[in-house]
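Q: I have a model open and want to learn how to read it. Can we go through it together?

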Amino acid sequence: QVQLVESGGGSVQPGGSLRLSCAASGSISRLLSMAWYRQTPGKQRELVAGIIRSGTPNYANFVKGRFTISRDSAKNTVYLQMSSLRPEDTAVYYCKAVVQNALGSEFQYWGQGTQVTISS
């Protein structure tokens, strides 16, 4: 079993910044990828940014140039630095990890979510 613990959410004014963290722990043979998604009421969960084992990141168009995803492989932790935040960035942000166990099987796990609110 794998646990994801998120932190760093909160409330800031438009134009502000926040940094989210997600630490993975448990039965991790190989951490294949980690990503951040977000969801607002009545809408589907959408990908914000992801980073694969090689370190290559990918971003949704709506955050390019504003958000940066990074990782600390030694700590199995991924970060999302969010800048130039807009009211439409308000959402619950979820961390997802894709993990390979010792048998080679892949599983995905989700964090509990952290609220990000952008409001003046």
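Q: Which strands each supply at least two residues of the lining of the largest pocket?
A: Note that this is a predicted model. Rolling a probe the size of a water molecule over the atoms shows where empty space is left. Here, strand E4 (30–39), strand E5 (46–52) and E7 each give at least two residues to the lining of the largest pocket. E4 has the largest share, with five residues.

Q: How much space lies in the largest pocket?
A: The largest pocket holds about 210 Å³. Its lining counts 15 residues, and Leu31, Arg53, Arg71, Ser73 and Asn76 are the closest to the centre.

Q: How many lining residues of the largest pocket are nonpolar, polar and charged?
A: Six are nonpolar, five are polar and four are charged.

Q: In what order do the strands of the open sheet run?
A: Strands of a sheet pair through backbone hydrogen bonds, either parallel or antiparallel. In this model, four strands make an open sheet, ordered E1-E3-E8-E7, with antiparallel pairing. Strand E1 (2–7) and strand E7 (67–72) are the edge strands; each pairs on one side only. From one strand to the next, the twist averages 15°.

Q: Over how many bridges do E7 and strand E8 pair?
A: Six bridges join E7 to strand E8 (residues 77–82), in the antiparallel sense.

Q: Which residue in E8 does Ile69 stand opposite?
A: Look for Leu80: this residue of E8 faces Ile69 across the pairing.

Technical notes: Residues numbered from 1 in each chain as written. Predicted model: local features only at pLDDT ≥ 70, side-chain atom pairs only at ≥ 80, totals over all residues. Heavy atoms only, no water. Pairing = 2+ DSSP bridges. Axes fitted to C-alpha atoms, helices over the stretch in contact; angles between N-to-C directions. 1 Å grid on protein atoms, 1.4 Å probe; cavity = no way out; pocket = protein on both sides within 12 Å on 5 of 7 lines; lining within 4 Å. Points joined across faces, edges and corners; volume = space filled by probe spheres on them. Nonpolar A, V, L, I, M, F, W, Y, C, P; charged D, E, K, R; others polar.
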